[in-house]
Every structure is written in structure tokens, then in C-alpha cells.
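Subject: Structure handover

Hello,

Please find the structure below, with its sequence. My notes on what was found in it follow.

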Amino acid sequence: MRRCVAEHRRWFLGVLRDAADAAGHPEPADLARTLLDLRDGAMAGGYLDDLGDVAETLRKTTERLLDA
């Protein structure tokens, strides 16, 4: 299972990096890693807190990072 999760994370990191690059972000690899970490935190937070609040915070934070 751990191997499957690691493979999925590598794939998703690539998707995020490609999206950041296509959006013209000056540091797409760094942004991708940050977005992946945020998503990981949101996944955990979704189990512990109100899912709607977590989703809204993740959306707002992602928008701020993309605007940076």
C-alpha cells in the first residue's frame, strides 16, 4: 500500500508542477511541493475538522499561492 501511495504522490506532484509551469509560475517545482503538502494537510484536517472549512481554507490558500 505504501508503494501505491508513493507512486500516486509522485504522479500528482508532476501534475501540480506541470500546472504551475503552464500558469507561468516562476518556481513551479517549489509551488507543486507546497500544494502537495497543503493537500496532505487538508486530507488529515478533513478527518478531524469540518470538511467544508478545510476545503475553503485550501482553496483560498491555493489561490494566494498562485497569485504570488
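The largest nonpolar core in this predicted model has seven residues: Leu13, Leu16, Ala20, Leu31, Ala32, Leu35 and Leu36. Helices H1 and H2 each supply at least two residues of this core, and H2 gives the largest share, with four. As general background, nonpolar side chains in soluble globular proteins tend to be buried together.

Apart from neighbours within four places in sequence, Leu31 is in contact with Ala20, His25, Leu65 and Leu66.

Is His25 buried or exposed? His25 counts as buried, because its relative accessibility is 17% and the cut-off for buried is under 20%. The side chain of His25 also has a polar atom that lies 3.0 Å from the backbone nitrogen of Glu27.

Asp30 is found in helix H2 and is partly exposed, its relative accessible area being 47%. Ten residues separate Asp30 from Ala20 along the chain, and their C-alpha atoms are 9.4 Å apart. Asp49 belongs to the loop between H2 and helix H3 (51-67). With a relative accessible area of 53%, Asp49 is exposed, because the exposed class begins over 50%. From Asp49 to Leu13 the separation is 36 residues in sequence and 25 Å in space, taken from C-alpha to C-alpha.

Now the chain as a whole. How many helices and strands does the chain have? There are three helices and zero strands, so the pattern along the sequence reads α-α-α. The C-alpha trace spans about 35 × 30 × 15 Å along its principal axes.

Of the 68 residues in the chain, 19% are buried. The accessible surface of the chain is about 5,200 Å², and carbon and sulfur atoms account for 57% of that surface. Among contacts in the chain with a separation of 6 or more, 39% are between residues 24 or more positions apart.

As for charge, the chain carries 10 positive and 13 negative side chains. The centres of these two sets lie 7 Å apart.

Regards

Technical notes
Residues are numbered from 1 along each chain as its sequence is written. This is a predicted model: local features need pLDDT of at least 70, side-chain atom pairs count only at pLDDT 80 or more; totals for chains, interfaces and linings use all residues. Side-chain values use heavy atoms; hydrogens and water are left out. Buried means under 20% relative accessible area, exposed over 50%, partly exposed in between (1.4 Å probe, protein chains only). A polar contact is a pair of N or O atoms within 3.5 Å; within protein, one must be able to donate a hydrogen and the other to accept it, and residues adjacent in sequence count only if both atoms are side-chain atoms. Contact means heavy atoms within 4.5 Å. Accessible areas come from the Shrake-Rupley method with a 1.4 Å probe; for residues, only the protein chains shown count as cover. Lys and Arg count as positive and Asp and Glu as negative; His and the chain ends are not counted. The place of a charge is taken as NZ of Lys, CZ of Arg, CG of Asp or CD of Glu. A nonpolar core is a set of buried Ala, Val, Leu, Ile, Met, Phe, Trp, Tyr and Cys residues joined through side-chain atoms within 4.5 Å.
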